[in-house]
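Please keep the sequence and the structure in view while reading.

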Amino acid sequence: MPSTRTHAPRGALVFDMRQLGRQAGSALTQTRIVPAPDDLRLELIGVPAGADVPLEVRFEAVSEGVLATGTAIAPLAGECARCLAPLTSSVTVGFQELYLYAEGRHDKHDKHDKHEKHDRYDNHDEQEEQDAEGLYHLDGDLLDLEPAFRDAVVLALPMSPLCREDCPGLCAECGVPLADAGPGHRHDAAVDPRWAALQQLSEQGDDEHQDRRTGAIDLQEG
């Protein structure tokens, strides 16, 4: 079983299938280190554009095209969904897609054009066109793996990434990361603004009462 390993230049997710041939049952495995395409991310985490991604793909020739089965390890960078601290990790993805030979697509389109002359609004033909939109095709002997690779990576990204499983998040009062603040971190209960003036008068009254009591004690002792 032939196998090749290369360090691909930026954007090289296109594979030449001439070495594989079209004999059903033939197989080819290729291992590459590819730069990550742009925009492989969700809101809080993603794959840095241009980061090295080890990729291994097995190509198998079948009667209608080429079956591509791949695995990749993508580095991740983002921020914790609870405490917003920067984080880095990686994700391993697997995918499998069938790439149809280009002439098969052309034959189908030719048949569609002939059929359309007889009945432009045939519902069955419209459904065939909708189904074909989700299919992958080879461009001659070239197979572009980027769409399948992109879909697999984005679907594997965590919606709520965490710096650690038990991350306590941020303090709701001051925004300090609770993991750094320690178990004793707390805030005194906030005073309702409507009672702030009354509390101030009460504190002043206590001070005046204390002053009078101190003066009375001084007179008794004198």
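## A buried ring and its partner

Phe 59 is buried, with a relative accessible area of 0%, where buried means under 20% relative accessible area with a 1.4 Å probe and protein chains only. Phe 15 is likewise buried, at 0%. The rings of Phe 15 and Phe 59 have their centres 5.2 Å apart and their planes at 55 degrees, so the pair is tilted; rings pair if their centres lie within 6.5 Å, with planes under 30 degrees apart counted as stacked, over 60 as edge-to-face and the rest as tilted. Because Phe 15 lies in strand β2 (residues 14-16) and Phe 59 in strand β5, the pair ties together parts that are 44 residues apart in sequence.

The charged end of Arg 32 sits over the ring of Phe 15, 3.9 Å from its centre, the rule being that CZ of Arg is within 6 Å of the ring centre and within 35 degrees of the ring normal.

## Basis of the model

This is a predicted model in which local features need pLDDT of at least 70 and side-chain atom pairs count only at pLDDT 80 or more, while totals for chains, interfaces and linings use all residues. Residues are numbered from 1 along each chain as its sequence is written, and side-chain values use heavy atoms, with hydrogens and water left out.

## Core

Note on methods. Phe/Tyr/Trp six-rings, centres within 6.5 Å; stacked < 30°, edge-to-face > 60°. Helix = DSSP H or I, 4+ residues; strand = E, 2+ residues; numbered from the N terminus. Buried < 20%, exposed > 50% of the residue type's maximum accessible area, 1.4 Å probe, protein only.
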